[in-house]
Amino acid sequence: MSKNVFILSTSLRKGGNSETLADYFFNGAKDSGHNVEKISLVGKNISFCKGCLTCLKTGKCIIKDDANIIAEKMMYADVIVFATPIYYYEMSGQMKTVLDRANALYGSDYRFREIYMLTAAAENDKNTPKIAENGLKGWIECFPKAKLKGSVFAGGVDSVGTISGHQALSEAYEMGKNI
């Protein structure tokens, strides 16, 4: 059965390593016949959450920017994939901001059930993405019908393109293909 897959590339570095992982996941999911959309945060206008909680009453954030569009795409996706560089052993700040701004989804009739995480970092220690995964798991805990189904980590990649030939690319493709 075809799924609606939404991939969010949170790196602000166009063509960066985590975005390349997202592209491989995209291709795997597309090759399996799924409806796939990828959005990059490059060039997007996303403000910080004000903590007013109006979104819980209205179902929409009062801040008019690109985060509302992203949250709506998240709501109607069957699968959400977050691709992020690892900064100081954590997800990118812009990814965290998007998660905060998706607060309107809390208590909604969201559709997503499967969440995936794709990460890239200069460090090559397999424990590097664990803190970022735990941060995402904290967000997922607020959505009891969803769970983290898998993650892919590309370690030892720093500048754009150093991911070329990395084993994590085929892992991301296969993960996308097998959702």
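Predicted model: local features only at pLDDT ≥ 70, side-chain atom pairs only at ≥ 80, totals over all residues.
Local features need pLDDT of at least 70, side-chain atom pairs count only at pLDDT 80 or more, and totals for chains, interfaces and linings use all residues. Residues are numbered from 1 along each chain as its sequence is written, and side-chain values use heavy atoms, without hydrogens and water.

Over residues 4-110 the chain is 37% helix and 18% strand (DSSP runs; helices H or I, at least four residues; strands E, at least two). The end C-alpha atoms of this stretch are 13 Å apart.

The largest nonpolar core holds 30 residues. A core is a set of buried (under 20% relative accessible area, 1.4 Å probe, protein chains only) Ala, Val, Leu, Ile, Met, Phe, Trp, Tyr and Cys residues joined through side-chain atoms within 4.5 Å. Leu 8, Met 74, Phe 82, Phe 112, Ile 115, Leu 136 and Trp 139 touch the most other members. Elements giving two or more residues include strand E1 (4-9) and helix H5 (130-140). Beyond neighbours within four places in sequence, Leu 136 contacts (heavy atoms within 4.5 Å) Phe 82, Met 91, Met 95, Leu 99, Ile 115, Met 117 and Leu 148. A second, separate core of 22 residues includes Val 36, Ala 154, Ile 163 and Leu 169.

Helices H1 (residues 17-31) and H6 (residues 167-177) pack at about 35°, with axes 6 Å apart. Axes are lines fitted to C-alpha atoms over the stretch in contact; angles run from 0 to 180 degrees between N-to-C directions. Among the contact residues are Tyr 24 and Phe 25 of H1 and Leu 169 and Tyr 173 of H6.

Definitions and conventions. Buried < 20%, exposed > 50% of the residue type's maximum accessible area, 1.4 Å probe, protein only.
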